[in-house]
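Okay, thanks for coming, everyone.

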Amino acid sequence: MRRNLAAFLGTLSALVLLFSYHTSLDSTAATTPQAAAPLTPGTTSGSGSTSGSGSSGSSGSSSSSTSKGTTTSGTKTYAGDVADTRWGPVQVQITVTNGKITAAQTLQVPDGNGRDQEINSYAVPVLNQEVTQAQSAQIDAVSGATVTSDGYIQSLQSAVDQAHL
């Protein structure tokens, strides 16, 4: 009976330690902004840059760095709120022409380590394409990039709301 109890407690302890282990390899990444900064009112961006900043501690919250629609020959761009994910900020900008979303691009995505860059190199183009097909924020997340997809959709919904679509 004692052996069974000892084995059970040992297994339980191992499971608790296993599930409490944090797997992030980049928990001390710098949090200074890189090349792309959020848009401010009255500016446009045509660069399509997908750089951002390092890791962030909270998930699901967003800040209020947005721009109003900016016009360039009948086309308006709307930058969504910055969505803070556990891997870093995500911000999306949409281009609207005649009431239709003609383009979507990321202004910020997590890029604190090589794995972030690898994930975003395949996930962001898929998400951008889904936006122009769906004409809304009702898009599917990309498998393997769930955190980035969730932040992308959150920022996208903010931009769609600004565009009144």
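So, how many helices and strands does the protein chain have? It comes to 3 helices and 6 strands, taken as DSSP runs numbered from the N terminus, with helices being H or I of at least four residues and strands E of at least two. Going along the sequence, the pattern reads α-β-β-β-β-β-β-α-α.

Quick housekeeping. This is a predicted model, where local features need pLDDT of at least 70, side-chain atom pairs count only at pLDDT 80 or more, and totals for chains, interfaces and linings use all residues. Residues are numbered from 1 along each chain as its sequence is written, and side-chain values use heavy atoms, leaving out hydrogens and water.

Now the overall numbers. The chain has 165 residues, and 37% of them are buried, meaning under 20% relative accessible area, with exposed being over 50% and partly exposed in between (1.4 Å probe, protein chains only).

Which residue forms a salt bridge with Glu118? That's Arg115, with the closest N and O atoms 3.3 Å apart. The criterion is a side-chain nitrogen of Lys or Arg within 4 Å of a carboxyl oxygen of Asp or Glu, and searching the whole structure turns up 1 salt bridge. Glu118 and Arg115 sit 3 residues apart in helix H2 (residues 114-134), so about one helical turn separates them. Glu118 is partly exposed at 45% relative accessible area, and Arg115 is partly exposed at 46%.
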